[in-house]
Every structure is written in C-alpha cells, then in structure tokens.
2 protein chains.
Amino acid sequence: MNSNMEKPYVVGIDIGGTNTVFGIVDARGTIVASNSIKTGAYDEVDNYVDEVCKHLLPLIEANGGADRIKGIGIGAPNGNYYSGTIEFAPNLPWRGIIPLAAMFEERLNIPTALTNDANAAAIGEMTYGAARGMKDFIMITLGTGVGSGIVINGQMVYGHDGFAGELGHTIIRRENGRLCGCGRHGCLETYCSATGVARTAREFLTARTEESLLRAIPAEAITSKDVYDAAVKGDKLAQDIFEYTGQILGEALADAIAFSSPEAIILFGGLAKAGDLIFKPVQRAIDENVLNIYKGKAKLLMSELKDSDAAVLGASALGWEIKNAK
Amino acid sequence: MNSNMEKPYVVGIDIGGTNTVFGIVDARGTIVASNSIKTGAYDEVDNYVDEVCKHLLPLIEANGGADRIKGIGIGAPNGNYYSGTIEFAPNLPWRGIIPLAAMFEERLNIPTALTNDANAAAIGEMTYGAARGMKDFIMITLGTGVGSGIVINGQMVYGHDGFAGELGHTIIRRENGRLCGCGRHGCLETYCSATGVARTAREFLTARTEESLLRAIPAEAITSKDVYDAAVKGDKLAQDIFEYTGQILGEALADAIAFSSPEAIILFGGLAKAGDLIFKPVQRAIDENVLNIYKGKAKLLMSELKDSDAAVLGASALGWEIKNAK
C-alpha cells in the first residue's frame with residue numbers, strides 16, 4: 001500500500017474504433033479527470049499517440065504530475081498483454097502490429113501495460129466491481145461482439161500467446177450456424193451480441209407472422225435497443241428474442257463452467273442491462289445444461305461498473321498490476 | 001531441492017474402479033517399488049485403506065522409511081483437491097463423500113493430497129513427461145471416458161469448487177447428440193472415449209453396407225481395440241471411425257484453445273496410442289475449426305508417460321507439490 005500512497009493514481013486508456021477515452025483514476029475507482037479524442041481521425045499511429053498525450057498530460061499535471069501515477073493501463077481490441085502490442089485490429093485505422101504500450105511509455109515515462117478490452121473489463125471488475133475478492137470468475141462482455149475475460153487462481157488468463165479468452169468465438173451452433181465476421185459459422189458472438197440480437201429479430205420477423213412493435217421499423221434498421229424497448233412494452237416476439245438469446249448464451253456458459261468452474265459469471269455491456277429479460281433465460285439455460293456436479297454453484301451476476309466509466313476503469317485497473325520492476 | 005535430497009521419494013496411489021495401484025517414485029520419475037490390490041473387494045472404505053497401507057508400508061520401509069517420503073499423491077475419480085475427498089464416485093464401492101486423503105495421512109503420518117485422475121495425469125506430464133517446462137497446456141485422457149486436466153500460468157486449474165476441467169462433458173453435438181452417462185446428450189465423452197468409438201462402430205456397421213473386418217465380431221462385443229486392429233489392417237470402415245472420432249475431438253479442442261490458448265494439448269490413454277489414425281484427423285479438425293488468431297499455435301502431442309506407469313506417476317507427482325506447511 002505504501003507505493004499507492006506515494007503514487008495514488010493510475011491512468012486508463014480505452015481505445016475503441018470510434019473514440020479513445022482516457023482518465024486518471026484513484027484506488028477507489030473514482031475517475032478524477034478524463035477526456036477523449038476520435039480514434040479514426042489519425043491515420044498515422046504516431047500522430048494518434050501524440051494527440052492522446054497532448055490531452056492527457058494536462059490532466060496528469062493537474063493531479064500532481066507523472067510521479068504520482070503508478071502505471072498506465074490500456075484496453076484495446078486485439079491487445080496482447082505479453083508484448084504490449086495491438087495486432088491486426090480490424091476496427092482500428094493502423095495496420096499490422098503496433099507497439100502501443102512502448103509508444104506511450106516512451107513519451108510519458110510511466111510504466112504501461114495493455115490488454116484487450118474484455119480482459120480490461122475483467123480486471124476492472126476484480127479491482128472495483130462485482131468480482132472484488134474473487135479468484136475464479138468469467139467476465140462476458142455483450143457489445144457489438146461478445147468478448148470474455150477469464151480469471152483463474154486470481155490471475156488473468158492470457159494463455160501462451162497473450163490472446164486467450166475468446167469465448168465469443170467458440171462454436172455454439174455446428175449445424176446451419178450463422179456466418180461470423182471471423183469467417184467461420186456458428187460462433188456465440190453471432191447470436192448473443194447486440195448485432196446478433198438484431199439478426200435474430202430479422203429472422204423471427206421473417207419466419208413468424210404475428211404482430212410486433214418491431215414491424216414498424218425497417219428490418220435492416222432494427223437494433224438490440226429496439227428489441228429491448230419492445231420487450232419492455234410486452235411485445236411477445238421481442239421477449240422471445242431475448243429468450244432465444246439467453247438460451248444460447250446459457251448453453252455456452254454451461255460449457256464454460258465445465259472448463260474452469262468459476263465462482264461467478266459476470267455479464268457486462270448493453271445487453272446485460274436488459275436485466276431479467278436476459279438474465280432469466282440465461283440462468284435457466286445454465287441450470288438445464290450444466291453438468292450435475294456444477295449445478296447451482298456459479299453465480300450469475302451483473303457488472304457493477306458504471307457503464308459510462310467502465311471502459312476507462314477497466315483499462316486503468318491494469319495500471320495497478322504493473323510490476324515495479326518493469 | 002534441499003528437501004528433495006532429504007526426502008527423495010513420493011508415493012503415488014491410483015484408485016481405479018477395478019485396481020488400486022501404488023508405488024514409490026523418485027524425482028526422475030522412476031518407480032522404485034510398486035504393488036496393487038483390488039478396489040472392489042472392500043465394501044468398507046476403512047478396510048480398504050487399511051489394506052492399501054498394509055501393502056504400502058513394507059515398500060516404504062524398504063526404501064528408508066516414512067521420513068524419506070515427501071508426500072503422498074492420490075489420483076481418484078471424482079477427487080476434490082481442496083477437501084481431499086472423493087465425492088459420489090459412481091464406479092467406486094463407497095457412497096457419499098469419503099475423506100480419503102485424511103484417512104491415509106492419519107494412518108501413515110505423511111502429508112497427502114488427492115485430485116481426480118485426469119488432473120493427476122496432467123501433473124505427471126508436467127513433472128516427468130511431455131509438458132516439462134510448460135506453463136499452459138491441456139491434458140486430454142482418452143479412456144473409458146474422456147477426462148481433462150488444465151494447467152494455466154503453471155498452475156493446475158481446480159476451479160472454485162475443486163472440480164474444474166470436465167471437457168469430456170462439454171456438449172459437442174447439440175442436435176441428436178448421444179445420451180451420456182451423466183444424463184445429458186451430446187457430451188464429447190460419448191464420441192471420443194473408447195466406449196464412444198465402439199458406439200460409432202455399431203452405428204457405422206448398421207448405417208453402411210460395405211464389407212468390414214468388424215462384421216466378424218458380434219456388434220455388442222466390439223471394442224475400440226478391435227476398431228484399431230481393423231484400421232491398421234487397412235479396413236476402410238474402421239479407418240473412417242477414427243476419422244469421425246478425431247474430427248469431433250478436434251472440433252472440441254478448437255473451442256478449448258479459444259478458452260486458454262495453451263502451448264500444447266497432450267493426448268493420453270488407449271486411443272492416443274492409435275497414433276496417426278487419431279492424431280491426423282484431430283490435427284486437421286483443429287486447423288479447420290480454430291479461430292484465425294490461434295492457427296498453428298497449439299502443439300498436439302502424445303503423452304510421454306509410459307502407459308503401465310502413468311497412473312502411479314501422475315498421482316505421485318502431486319506428492320511433490322504438497323506444501324511443507326501442511
């Protein structure tokens with residue numbers, strides 16, 4: 001704790017395809033200062049890093065300077081913890097392998113670590129959220145895609161190559177599975193992401209004839225939010241879409257439990273906020289599909305990270321984990 | 001290493017449904033003495049433990065006495081590492097929860113740890129076999145059932161409850177999956193165990209009309225060994241059975257890779273000894289089914305533990321891991 005007294009802050013940088021959000025965070029998970037830039041506005045990664053630093057440095061100075069920052073944590077798509085690089089991230093403007101952690105470390109002279117966004121969310125949950133004190137849990141992020149961060153024996157699972165924990169790309173439907181962005185068929189992500197829910201809506205609207213509030217929306221424009229709004233108003237078809245989504249997610253989680261037998265599975269992201277609409281079918285499908293010895297053991301929890309802060313908090317939490325030796 | 005000099009041996013006890021085999025093992029994995037008794041001959045677990053001790057003690061005395069034994073490791077079905085108990089093991093004569101580790105510890109006054117047989121095999125492989133020096137690997141045991149032992153960050157994955165790592169009971173066929181002994185349908189074990197292979201043989205012989213050496217054997221009596229013997233002789237149907245088995249196992253392993261991204265997957269047990277007959281289709285199915293970022297990374301290896309010794313070696317390896325504090 002001594003070093004936390006001397007260095008009471010960490011910096012979190014969340015790199016998304018649209019925005020890059022960064023902030024200074026204290027040990028209790030309060031964001032004391034933050035700002036953002038547009039990720040897509042910088043074709044050259046050097047210019048991008050310069051621009052983040054230009055906006056970040058005044059925040060650091062206003063809070064006592066770099067000496068009071070224990071570390072910088074970065075959450076980024078396709079982030080590799082071991083190398084501090086992002087590798088072939090399809091939704092970012094920079095091609096190939098980018099040594100982002102080193103680039104920030106050089107400019108700011110603060111130890112910097114990087115991992116993918118779902119892992120960052122898991123570390124954030126362990127540091128500030130629903131997983132405090134837990135040694136074994138699985139974080140599932142339900143966003144545009146489905147991500148996962150796995151913690152075992154109190155440690156993040158990075159795997160041999162730094163890319164472990166892609167439960168969104170395990171195959172949940174082997175026959176006639178949906179085509180995934182990864183080029184394969186039947187990935188969990190094609191069913192249980194926000195885009196998967198919209199896809200289910202279009203399928204259901206075509207296959208079924210009943211009335212639905214969703215029929216007022218052009219099929220291609222339907223979002224998971226539309227499905228949620230309709231379900232809350234009692235729309236049966238919209239509710240069935242959540243049942244279907246939760247069923248498939250629960251089936252996948254029952255298999256994940258057979259892998260690491262976690263204390264809890266934590267759902268995070270837009271779909272998780274649908275509450276009982278998604279939690280009830282997920283829980284039922286886990287109970288129906290899990291191996292007997294695991295029945296009733298793993299808790300199904302909602303993330304306790306505030307949505308607007310979660311990305312920066314998650315990334316920042318990695319900053320506390322940086323070894324002083326680095 | 002100092003304590004290994006003073007205590008150069010461990011004891012391994014492998015408890016199977018038929019036999020209990022035990023031996024004294026040195027740091028290089030040589031079994032210096034061993035013996036066995038029939039597990040099923042003892043309805044009372046107290047009598048059983050007494051009998052094991054009666055045969056084990058002379059071996060211990062002949063090798064310098066209990067002071068030279070660092071620990072006892074037990075591999076047993078449904079073994080729980082945390083509690084040292086076996087819990088509701090369907091193939092053992094004793095019902096309920098049995099505190100086996102404590103029972104041996106009391107009688108022999110040697111620290112004792114217990115885990116399930118697949119975890120013991122994984123620890124054995126890490127200590128004496130193909131996984132020496134590896135921090136992330138998955139052990140798959142292909143026997144009467146399909147077991148798994150998962151090592152992440154150099155540590156055995158026991159999970160929150162001590163029962164993690166049941167990949168044999170993940171669902172690999174959700175539509176028309178085979179009924180499993182666990183009561184569910186489509187478990188990996190129903191396809192890729194020795195009994196799963198025999199089941200496939202019966203299905204193929206019924207569904208297809210071609211000649212096969214296997215038709216000379218009464219369908220209910222066919223074993224995986226018969227299928228192997230026929231395949232080696234060039235029997236097309238028998239070879240197809242291995243293709244089918246390997247395909248399904250490879251599909252399951254591709255998903256397991258997305259979980260922990262291991263350095264290697266190690267196959268152990270009777271089916272693994274079929275060599276190329278099983279390894280080739282497994283490798284091909286992994287390559288065809290694994291997410292792009294993992295392609296070509298995880299090595300597929302055969303266990304290096306000698307078959308006759310593997311169970312005792314695996315159990316014994318747990319003996320080295322026992323904390324002195326215990």
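Residues are numbered from 1 along each chain as its sequence is written, and chains are lettered from A, with ligands numbered from 1, in the order in which they are written. Because the model is predicted, local features need pLDDT of at least 70 and side-chain atom pairs count only at pLDDT 80 or more, while totals for chains, interfaces and linings use all residues.

**Chain A as a whole**

Taken along the principal axes, the C-alpha atoms of chain A fill a box of roughly 65 × 45 × 35 Å. The radius of gyration of chain A is 20 Å, which agrees with the value near 20 Å that a compact globule of 326 residues would have; the radius is taken over C-alpha atoms, and the globule rule is 2.2 Å times the number of residues to the power 0.38.

Colouring by burial shows 51% of the 326 residues of chain A as buried. A residue is buried if 20 or more other C-beta atoms lie within 10 Å of its own, exposed if 12 or fewer, and partly exposed in between, with C-beta atoms placed from the backbone. Two residues are in contact if their C-beta atoms, placed in that way, lie within 7 Å, and among contacts in chain A between residues at least 6 apart in sequence, 64% join residues at least 24 apart.

**The two copies and their interface**

Next select the interface, where 31 residues of chain B are in contact with 30 residues of chain A. On the side of chain B that touches chain A, helix H8 (residues 236-260) of chain B gives the most, with 4 residues. By class, this side of chain B has 13 nonpolar, 11 polar and 7 charged residues, where Ala, Val, Leu, Ile, Met, Phe, Trp, Tyr, Cys and Pro count as nonpolar, Asp, Glu, Lys and Arg as charged, and the others, Gly among them, as polar. Of the interface residues of chain B, 97% are also interface residues in chain A, so the copies meet through the same surface.

**Helix H9 of chain A**

Select residues 276-289 of chain A, which form helix H9, with 14 residues and a reach of 19 Å from first C-alpha to last, close to the 20 Å expected at 1.5 Å a residue; the expected span is 1.5 Å times one less than the number of residues. Then show the side chains of its buried residues, Leu277(A), Ile278(A), Pro281(A), Val282(A), Ala285(A) and Ile286(A). They cover an arc of only 145° around the axis, which puts them on the same side of H9(A); the arc is that of the directions from the helix axis to the C-beta atoms. An α-helix has 3.6 residues a turn, so residues three or four places apart point the same way. The partners of the buried residues of H9(A) are helix H7 (224-232), helix H8 (236-260) and strand S13 (299-302) of chain A.

**Helix H3 of chain B**

Move to Leu100(B), which lies in helix H3 (residues 100-108) of chain B and counts as buried, with 26 C-beta neighbours inside 10 Å. Not counting residues up to four places away in sequence, Leu100(B) touches Ile74(B), Ala76(B), Gly84(B), Thr85(B), Ile86(B) and Leu114(B). The buried residues of H3(B) are Leu100(B), Ala101(B), Met103(B) and Phe104(B). Seen down the axis of H3(B), these buried residues fall within an arc of 165°, so they line one face of the helix. After H3(B) comes Asn109(B), whose phi is positive, near 55°.

**Loops of chain B**

Select Asn78(B), in the loop between strand S4 (69-75) and strand S5 (79-80) of chain B, where phi is near 60°, a positive value in a residue other than glycine. Asn176(B), in the loop between strand S11 (155-156) and helix H5 (189-192) of chain B, has a positive phi of about 55° and counts as exposed, with 8 C-beta neighbours inside 10 Å.

Finish at Gly270(B), in the loop between strand S12 (264-268) and helix H9 (276-289) of chain B. Leaving aside neighbours within four places in sequence, Gly270(B) is in contact with Leu142(B), Gly143(B), Ala194(B) and Ser224(B).

Note on methods. Helices (H or I, at least four residues) and strands (E, at least two) are DSSP runs, numbered from the N terminus.
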